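Subject: Structure for your review

Dear colleague,

Please find below the structure that I am handing over to you. My notes on it follow.

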Amino acid sequence: MLPRWIVCVLIVLLLGSCNSDDPNYKPDPSDPLHAKVSGARAYAHVEAMVAMGPRPSGSQAIERNRVFLEAELNSVGWETQRQDFEAETPIGPIKFSNIRARFIGSKDPAKLWNRRAYILVGSHYDTKRYTNIRFVGANDAGSSTGLLLEMARAAASRPEFAEHLELIFFDGEEAFENFDEKDGLYGSRHYARKLVRRLDDQLRPQYVVILDMVGEKKLSITLPADTPKFLADTLREAADELGTRRYFGVWPTSITDDHIPFRDEGIAAIDIIDFDFKAWHTAKDTMDQVSAESLEIVGQTSMLFLEKLLTKPPEN
């Protein structure tokens, strides 16, 4: 009998596998891109990853997760590149790997990684390491990772849009003990330090958009209180247009997540997260917490949000 995660991958496949500095992107109103985002397809991706079991950084399961992500992205026209690194953690040195993805489209593949990604869109794909519970992270980090795969598929249908994005799947968001300057956010800190600092102003992304815990049935997106006003207002504009505004609120404080290293580098960053998740970091974070409807709400709203960012003049 095939392992359950392989069966889930086959289900995903049956559903449909799932160098310009100025974007000059003009959406086609007759063919709304956001409507192409399917909650059912995103849910199938989440199910496939959860079937692999716990996927903490440095494990064999997270390597299976990487292979799955790369295969799905490659199948819909995205080129992938691993960003491997090793970092010291409270439990000793761990090997991590971020997965970058750029859409090939009509551009010269040889220059793929040397053109500007106007917006960096990310999710972490590692699950928190536990020794006393079985933590499969259906919502944290399965939901955002599965949704980003589905958004990649939808975006590929409009190359002139997809070519202005870089998708980034971060390893090591979770702290091994407690979040502090040395524990947690390993992947995003490494990316920001190694790539963003070394890029000249013409190659730095204009915005960073992070997705995290976006699939809970009782959906309540809680933007961090310190979210840049321009980004928060543009997201609310997209939500108002789609009638999803009631699902998007504000958390009373800042939130430690993968947007922080980019914010600290002076890049406008937003964290689209449902932090009011009662099963957070518990054994109850399983597939019964996740709904295709919530994934579709966040995915379609986020896609329209990205389109709007590409058509608005940047704020200084």
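Leaving aside its neighbours within four places in sequence, which residues is Ile 119 in contact with? They are His 164, Leu 165, Glu 166, Tyr 207, Val 209, Leu 306, Leu 309 and Leu 310, where contact means heavy atoms within 4.5 Å.

Please note that this is a predicted model, in which local features need pLDDT of at least 70 and side-chain atom pairs count only at pLDDT 80 or more, while totals for chains, interfaces and linings use all residues. Residues are numbered from 1 along each chain as its sequence is written, and side-chain values use heavy atoms, with hydrogens and water left out.

Ile 119 also belongs to the largest nonpolar core, which has 64 residues; together with Trp 78 and Ile 272, Ile 119 touches the most other members. (A nonpolar core is a set of buried Ala, Val, Leu, Ile, Met, Phe, Trp, Tyr and Cys residues joined through side-chain atoms within 4.5 Å; buried means under 20% relative accessible area, with a 1.4 Å probe and protein chains only.) Helix H9 gives the most to this core, namely nine residues. A second, separate core of 12 residues includes Ile 168 and Leu 195.

Helix H9 (residues 292–311) also meets helix H2 (residues 39–50): their axes come within 8 Å and cross at roughly 115°. (Helices are DSSP runs of H or I, at least four residues, numbered from the N terminus; axes are lines fitted to C-alpha atoms over the stretch in contact, and angles run from 0 to 180 degrees between N-to-C directions.) H2 is therefore roughly perpendicular to H9, a term for angles of 65 to 115 degrees. In this contact, Gly 39, Ala 40, Ala 42, Tyr 43 and Val 46 of H2 meet Ala 292, Leu 295 and Glu 296 of H9.

Yours sincerely

How values were computed: Helices (H or I, at least four residues) and strands (E, at least two) are DSSP runs, numbered from the N terminus. Angles under 35 degrees count as roughly parallel, over 145 as roughly antiparallel, 65 to 115 as roughly perpendicular and the rest as oblique. Buried means under 20% relative accessible area, exposed over 50%, partly exposed in between (1.4 Å probe, protein chains only).
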